[in-house]
Amino acid sequence: MCYCDSLSTEWKTQQGYPEGFCGICERCGKPGHTQHFPGPVPYTGAWCDRCVKIVAYTWVFKNPVVLMVLAVLGVIIVTRLLK
Ligand SMILES: [Zn+2]
Ligand SMILES: [Zn+2]
């Protein structure tokens, strides 16, 4: 799922990535892997093994589109209850 195999070792060393990693985590700055976002968003970033799980579980609450849909659903439910 990550770019370890597609990036050359030379290039990774140039970027300062430790051996066995292909990116630096965006959240905590630890060595990690460059990979596609673990959600339905066309975004590629780098996360460590720990943060990629956190990102996968928390993207829902940080996505403005999802929050908007939840807000609209909330309004619909409330207006139905008030009828
Ligand atoms: Zn990797
Ligand atoms: Zn991390």
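How many bridges join E1 to strand E2, and in which direction do the two strands run? The views below begin with the whole chain and then take up this pairing.

**View 1. The whole predicted model, with 3 helices and 3 strands.** This is a predicted model, in which local features need pLDDT of at least 70 and side-chain atom pairs count only at pLDDT 80 or more, while totals for chains, interfaces and linings use all residues. Residues are numbered from 1 along each chain as its sequence is written, and chains are lettered from A and ligands numbered from 1 in the order in which they are written. Helices (H or I, at least four residues) and strands (E, at least two) are DSSP runs, numbered from the N terminus. In that direction the elements follow the order α-β-β-β-α-α. The radius of gyration is 18 Å, well over the 12 Å that the globule rule gives for 83 residues, so the protein is more spread out than a compact globule. Here the radius is taken over C-alpha atoms, and the rule is 2.2 Å times the number of residues to the power 0.38. Along the principal axes, the C-alpha atoms fill a box of roughly 65 × 20 × 15 Å. Of the 83 residues, 14% are buried; this term requires 20 or more other C-beta atoms within 10 Å of a residue's own, whereas exposed means 12 or fewer and partly exposed lies in between, with C-beta atoms placed from the backbone.

**View 2. The open sheet, in the order E1-E2-E3.** The pairing of the 3 strands is antiparallel. Strand E1 (23-24) and strand E3 (44-47) stand at the edges with a single partner strand each, so one side of each has no neighbour in the sheet. Two strands count as paired if DSSP finds at least two bridges between them. E1 and strand E2 (residues 31-36) run antiparallel and are joined by 2 bridges; Ile24 has Pro31 as its bridge partner in E2. The hairpin of E1 and E2 has 6 residues between the strands, and Gly29 takes a positive phi near 80 degrees there. E2 and E3 are joined by 4 bridges and also run antiparallel, with Gly45 in E3 as the bridge partner of Gln35.

**View 3. Gly23 in strand E1 and Gln35 in strand E2.** Gly23 counts as buried because it has 22 C-beta neighbours inside 10 Å. Beyond its neighbours within four places in sequence, Gly23 is in contact with Tyr17, Gly32, His33, Thr34 and Ala46, a contact being a pair of residues whose C-beta atoms, placed from the backbone, lie within 7 Å. Its C-alpha atom is 8.8 Å from that of Cys4, 19 residues apart along the chain. Gln35 has 17 C-beta neighbours inside 10 Å and therefore counts as partly exposed. With neighbours within four places in sequence left aside, the contacts of Gln35 are Met1, Cys2 and Thr44. The C-alpha atoms of Gln35 and Lys83 are separated by 48 Å, at 48 residues apart along the chain.

**View 4. The largest nonpolar core, made up of 5 residues.** Its members are Cys25, Ala46, Trp47, Cys48 and Val52. Such a core is a set of buried Ala, Val, Leu, Ile, Met, Phe, Trp, Tyr and Cys residues joined through C-beta atoms within 7 Å. Not counting residues up to four places away in sequence, Cys25 touches Lys30, Gly32, Ala46, Trp47, Cys48 and Cys51.

**View 5. Helix H2 (residues 49-62) and its kink, centred on Ala56.** H2 has 14 residues and reaches 20 Å from its first C-alpha to its last, close to the 20 Å expected at 1.5 Å a residue; the expected span is 1.5 Å times one less than the number of residues. The kink is about 40 degrees, where the bend at a residue is the angle between axes fitted to the seven residues ending there and the seven starting there. H2 is hardly covered, with a count of 1 buried residue among its 14 residues. Thr58 is found in H2 and is exposed, with 12 other C-beta atoms within 10 Å. Between the C-alpha atoms of Thr58 and Lys30, 28 residues apart along the chain, the separation is 19 Å.

**View 6. Helix H3 (residues 64-82), with 19 residues.** From its first C-alpha to its last, H3 reaches 27 Å, close to the 27 Å expected at 1.5 Å a residue. H3 is hardly covered: the count of buried residues among its 19 residues is 0.

Notes: Contact = placed C-beta atoms within 7 Å.
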